[in-house]
Amino acid sequence: MFEGRRLILFLVFVSIGLVFIGKLFYLQLLDDTYEKAADNNAIRKIIQVPFRGEVYDRKGKLIVYNTPVYDVYITPRKAVVQDTNRFCKLFGVTRGYFDTLTKQARAYSRVKPSLFLKHLTKEDFARIQDAMVDYPGFSITTTAFRTYQSIAFSNALGYVAEINPNSLKDQRDDYYRQGDYVGISGIESYYEDVLRGQRGVKYRMVNSNGVEKGDYKKGKLDVNPVAGKNLYTSIDIRLQEYADSLMMHKVGSVVAIEPSTGEILTMVSAPSYDPSLLAGRNFSKYYQKLALDPLKPLINRPPSAYYRPGSTFKLVQALVGQQLGILSAGSVFGHAGAPVKCHAHNTSHNDLHNAIQWSCNPYFYHAFRKILYDGTTGNTFERSAQGLQRWSELVANFGFGRKLGVDVSNEKKGNLPTVDYYNKVYKGENTWKFSNIYSLSIGEGELVVSPLKMANFAAIIANRGWYIPPHLVKGVGEKRTMDPFYRNPVSVGVDAKYFPVVIQGMQDAVLHGTVGADGRIPDITMCGKTGTSQNKKGKDHSIFIAFAPKDNPKIAIAVFVENAGFGGFAAAPIASLIIEKYLKGRVDRKDVETKFMNMSYLANVTYNRPVKKVTSDSLRK
């Protein structure tokens, strides 16, 4: 028994010994963890930030490119500065800046690099390069800031800025470091993943004094950065600049679309800003100034500003009413019994065409009433709900009350009132009827849209019943790839046969209807519709939607000018000039051009206007 115990103890000790020997063999010959840890003390890891993708217009003109600059990073655990005053003088910073940045860097991480000084020029880099050996823990990374050939595309393009702490913490792929730049708005944000590229890394051997001695392992571990993919936009930058010049001294939007493709030709938000000032060291100062501006230049109004569509919405009523079989080209309604007023025009033959040409409020009041009540049963509350249900389902097909899917980051849905909406507003079913909601008949009330939706609506009419989702980018990278979503036509569910009367009414509205003389192009057949969006404070907003030419349309447009009054005398002339510029490559009506480039409506603009319901009483006035 004693010999057996000795054998067991012997085997245990032998096993333990073999384990230790095996572990030592693994650590010394197979595992390179400690070798790498030692190497890290003598190897400098340099992150190489790729150049961001460039942006081109539809004709291949460069809009946005990159200018190389240099950023200084600090790694607090390794940082040594023996003479702080000399350091501050060399880098051109104050002692307070130095103390604040080093404190923030330590709070972020003692072992990870933090941005210390950004956007040094080539001259700055040359001046400090030789002195960097005296400051271990500080490193320089080559990067770039956005440089702009034109400032007219600012709001839709968006801007880049240093990533904020929350975004850095919540990032999905751990790609960004503190101090990195990301797209904040517009297509810079929407296409961030393809614009940013792939960062690289380079390993350099350094001695105990921090002096580089060459590539580590002959560069075998280095990874080259991959530049971001370029964006090829649908924007015509010359047309964009022209539209932007027409919107100077005004607040509002311009959106123009190529109907056959959904490509956005121009997207102007006024007032705008200079994006180059947000790309440099003065970002915080300039951003604060823009953020506090009551005219809100940072907002990209076309996809996100809310307006009532006003009389432009009468075209929707005309199309939906025909599709439901309730209206026809020969449908006639008088003015009697309508609580809304009408423009002075010949009412002896007040059919659908005439009502569109002269934007007749009583006509569309009666038409909407018939749409809601026709073919329904029950009391007026039940019939109103049934009629509104089928009406709102068809209207939604035009893109109202939902997002169109445009490739910018701030598109808003707007509001298309439905049965559920009014049940909530009036606190229950069978509590509202046509007399409570008739303001919808002329595009007022609780209905709100964006300029982008109205430009898309103009494209729908130009196409006689379909659209391709509007988009700003028509190709990504060398292969010009594109999301299939922006290639597929969307039908609005209204037969093409119902569009001719609407289009003819729009043509006559321009030639001898609600559009003033300044809004007519002598040698181009433009079809358009004016709108005046009611505003409780100050003058009403001027709206105009149009397309041209009438046959085989090449451009559809929506123009919104805040507090400018009647649509036929403010928005329509601006739209006509842009259409003429695009189709002819020039503008012959120089007097009209000069007039509206110099026209200012800023004195009429009121701030912080909530969108409120337009009541029946207000419409009677």
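In which sense do β16 and strand β17 (residues 541-548) pair, and over how many bridges? They pair in the antiparallel sense, over seven bridges. Two strands count as paired if DSSP finds at least two bridges between them. Strands (E, at least two residues) and helices (H or I, at least four) are DSSP runs, numbered from the N terminus.

This is a predicted model, in which local features need pLDDT of at least 70, side-chain atom pairs count only at pLDDT 80 or more, and totals for chains, interfaces and linings use all residues. Residues are numbered from 1 along each chain as its sequence is written, and side-chain values use heavy atoms, with hydrogens and water left out.

**The sheet**

Two bridge partners in β17 can be named: Ile543 for Gly531, and Ile545 for Lys529. β16 and β17 belong to an open sheet of five strands with antiparallel pairing. The order is β12-β11-β18-β17-β16. β12 (263-270) and β16 (527-533) stand at the edges with a single partner strand each, so one side of each has no neighbour in the sheet. The twist averages 5 degrees from one strand to the next. Angles run from 0 to 180 degrees between N-to-C directions, and axes are lines fitted to C-alpha atoms, for helices over the stretch in contact.

Six of the seven residues of β16 are buried, so the strand is largely enclosed by the rest of the structure. Buried means under 20% relative accessible area (1.4 Å probe, protein chains only). Helix α10 (residues 237-246) lies across β11 (252-258) and β12, at about 30 degrees to β12. Contact here means heavy atoms within 4.5 Å.

**The cavities**

A cavity is a set of points on a 1 Å grid over the protein atoms alone where a 1.4 Å probe fits but cannot get out; lining residues have an atom within 4 Å of a point. Grid points are joined across faces, edges and corners, and a volume is the space filled by probe spheres set on the points. Two cavities reach 30 Å³ or more.

| Cavity | Volume | Largest share of lining |
|---|---|---|
| Largest | About 330 Å³ | β5, five residues |

The largest cavity has 23 lining residues. Val49, Pro50, Thr143, Ala144 and Tyr181 lie nearest its centre. β3 (62-74), β5 (138-148) and β7 (181-183) each give two or more residues to this lining. The second largest cavity is lined by residues including Lys118, Glu162, Tyr181 and Phe283.

Note on methods. Buried < 20%, exposed > 50% of the residue type's maximum accessible area, 1.4 Å probe, protein only. 1 Å grid on protein atoms, 1.4 Å probe; cavity = no way out; pocket = protein on both sides within 12 Å on 5 of 7 lines; lining within 4 Å.
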